[in-house]
Amino acid sequence: MDSSWYFARFADPTAAAPVNRAAADYWLSVDQYIGGVEHAVLHLLYARFVTRALKDAGLLSVEEPFAGLFTQGMVTHEAFRGRNGQWLSPDEVERRGEGWVDVELGQPVQLAGVEKMSKSKRNTVAPEAVTDAYGVDAGRLFVLSDSPPERDVQWTEAGVEGAWRLVNRIWNEFDADVELQPGPASPADASALTLRRAAHKTVKAVTEQLEGLRFNTAIARLYMFMGVLKAHPAEGAGPALRSAREEALDVLARMVAPFMPHLAEACWTRLGREGMVAEAPWPTYDPALAADEEVTLPVQVNGKRRGEIRVPAGAAEDAVREAALASEAVAVHMAGLQVRKVIVVPDRIVNIVAA
């Protein structure tokens with residue numbers, strides 16, 4: 001029973017009565033419920049039932065305990081059976097050629113498919129082993145980055161190794177900025193502006209993706225940003241680029257904190273910042289720097305996509321119309337037709353009506 005009304009108790013865990021009605025009225029319903037698919041059948045059902053009972057008893061004012069539901073996927077792994085049918089753990093088997101064998105006995109092992117990690121099938125990976133080899137942050141990062149959170153993720157050694165490499169790439173960038181001395185002043189600030197634009201675009205994208213629980217795409221944007229950062233190294237950088245790098249690293253430390261909290265704190269300290277990055281405000285972005293300089297617009301002919309064009313963001317309708325009609329890919333589908341109308345939805349799409 002306790003797990004079916006804990007949210008009401010948590011509104012005031014020190015109250016003498018089981019539920020502080022005033023506190024529960026303030027906090028409930030819970031904004032976001034996140035749980036595996038089994039929870040939707042069991043815990044979620046029980047919590048909804050008990051909440052309605054508590055309302056009937058005059059202890060709560062809400063009928064539904066949770067305003068939003070997000071059902072997460074499972075962590076899966078290959079499952080193995082030995083010759084006598086017993087389940088074997090991943091560290092008891094190894095791949096040899098095209099098959100698998102029992103490490104101790106040298107006997108062939110059957111791959112029983114990819115299953116949800118469970119004790120009964122012994123296809124679990126000990127967290128301690130991952131932590132010892134790669135660190136906690138790399139393990140967290142892989143689970144979050146491999147697939148959308150509502151889908152299952154298959155645990156692989158290669159996957160966590162890839163996450164570990166990103167952890168090291170990030171740390172190396174912070175190390176580089178601290179150790180190197182600034183280079184001479186440069187008359188051109190194009191590199192600095194490019195890096196600043198990339199930083200602000202990344203903050204905007206990661207913020208939006210986190211709010212939508214799209215952790216894997218947020219991490220993908222961090223991968224992209226690391227490529228830009230690496231292309232603008234600290235070594236030999238002039239004052240403008242050094243300043244842009246410091247801004248980029250400052251926001252990077254804060255952006256990686258939800259995914260890699262230990263790394264983020266180490267980076268924050270490396271930058272010489274006070275306090276903990278976990279307590280620092282989330283970075284903000286300048287809309288002007290985060291805006292795309294160019295946009296890709298699909299071009300339709302009579303409702304069917306026939307090509308695309310690249311134009312400056314916010315380009316005038318006349319310029320967009322001319323670019324669409326001048327596109328070679330579009331012209332192929334316009335042969336023998338007369339343009340009746342060109343409909344331009346700014347920065348979104350172009351539709352040519354022809355007959």
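Which residue in β12 is the bridge partner of V299? I looked it up in the predicted model and found V350.

**Sheet**

I then checked the strands around that bridge. Strand β9 (residues 294-301) runs parallel to strand β12 (residues 349-354), and the two pair over three bridges. I traced the open sheet they belong to: four strands in the order β10-β9-β12-β11, with mixed pairing. At the edges I found β10 (304-312) and β11 (339-345); each has a single partner strand, so one side of each is left without a neighbour in the sheet.

**T202**

Next I went to helix α8 (residues 190-211), where T202 is found. Is T202 buried or exposed? Its relative accessibility is 3%, and because buried means under 20%, T202 counts as buried. I followed its side chain to the backbone oxygen of A198, at 2.7 Å. Leaving aside neighbours within four places in sequence, I listed R221, L222, F225 and M255 as the contacts of T202.

**Helix α9**

I turned to helix α9 (residues 215-231) and checked its length. At 1.5 Å a residue, its 17 residues should span 24 Å; I read 25 Å between the end C-alpha atoms, which agrees. For its buried residues I wrote down N216, A218, I219, L222, F225, M226 and L229. I kept a reminder beside that list: an α-helix has 3.6 residues a turn, so residues three or four places apart point the same way.

Notes. Residues numbered from 1 in each chain as written. Predicted model: local features only at pLDDT ≥ 70, side-chain atom pairs only at ≥ 80, totals over all residues. Heavy atoms only, no water. Buried < 20%, exposed > 50% of the residue type's maximum accessible area, 1.4 Å probe, protein only. Polar contact = N/O pair within 3.5 Å; in protein donor to acceptor, adjacent residues only side chain to side chain. Contact = heavy atoms within 4.5 Å. Expected span 1.5 Å × (residues − 1). Pairing = 2+ DSSP bridges.
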